[in-house]
Amino acid sequence: ARGGFIAFCEGDDWWSDPNKIADPVSALENDPTLVISHTAYQNFYQNSGKVTPCYDGARVVNSALDAMIIRNSIGTLTVVARTEELRKASEELKPDASKFKMGDYPLWVMLCQRGNVHYLSRITANYRVLEESMSHSNSIEKRIGFAKSAYEISQFMAIRYHRKMSRLCSTLCYIRDMQYAYGQSIDMSEE
């Protein structure tokens, strides 16, 4: 990438706001302490066509390292980041990247460590929820695997950045995720 900023949108998701890029870029340009901007989005359930808003990222603002270590609340499809900071974070992550099943979560944590975070509460994108994917599944084994992977990342980052309280909180989130994973199979088309 040659520009000053990079925006993300994976193949089956889509942006829905004409200012999806302009508003985050403006925030990043106006505040040099910001390294990443993200927005609210909505979940689009492929099977049913149901749409639900997602404002989870509202707690990931300003100095957000602890919030991100505890739980990944940034939707990849909403991110606009400074190219140079993203490049540095990627290089720093390279020796450990193969340990993780997810690429976005550790990268967002590392960006949060490098600077402040901007959040736009307006829905700018649509996240397609498929019946079966890495992050959504009716399979208990897959749900456990996904939750375990997120937990391993949060614990690794909490240790790396010496965040004892975040490490404890991420353990509590993991317990909740395991309760969900061991619960009844969920029909993803009805969520």
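# Helix α5 and the chain around it

Among contacts (heavy atoms within 4.5 Å) in the protein chain between residues at least 6 apart in sequence, 76% join residues at least 24 apart. This is a predicted model, in which local features need pLDDT of at least 70 and side-chain atom pairs count only at pLDDT 80 or more, while totals for chains, interfaces and linings use all residues. Residues are numbered from 1 along each chain as its sequence is written, and side-chain values use heavy atoms, with hydrogens and water left out.

Reader: What makes residues 140–160 count as helix α5?
Author: Helices are DSSP runs of H or I with at least four residues, and strands are runs of E with at least two, numbered from the N terminus; α5 has 21 residues.

Reader: How do you know what span to expect for α5?
Author: The expected span is 1.5 Å times one less than the number of residues; for α5 this is 30 Å, and the helix reaches 30 Å from its first C-alpha to its last, close to expectation.

Reader: Why is S149 called buried?
Author: Buried means under 20% relative accessible area, exposed over 50% and partly exposed in between, with a 1.4 Å probe and protein chains only; at 3% relative accessibility, S149 therefore counts as buried. Leaving aside residues up to four places away in sequence, S149 touches K101 and M102.

Reader: Which other residues of α5 are buried?
Author: Among them are R143, I144, A147, A150 and I153.
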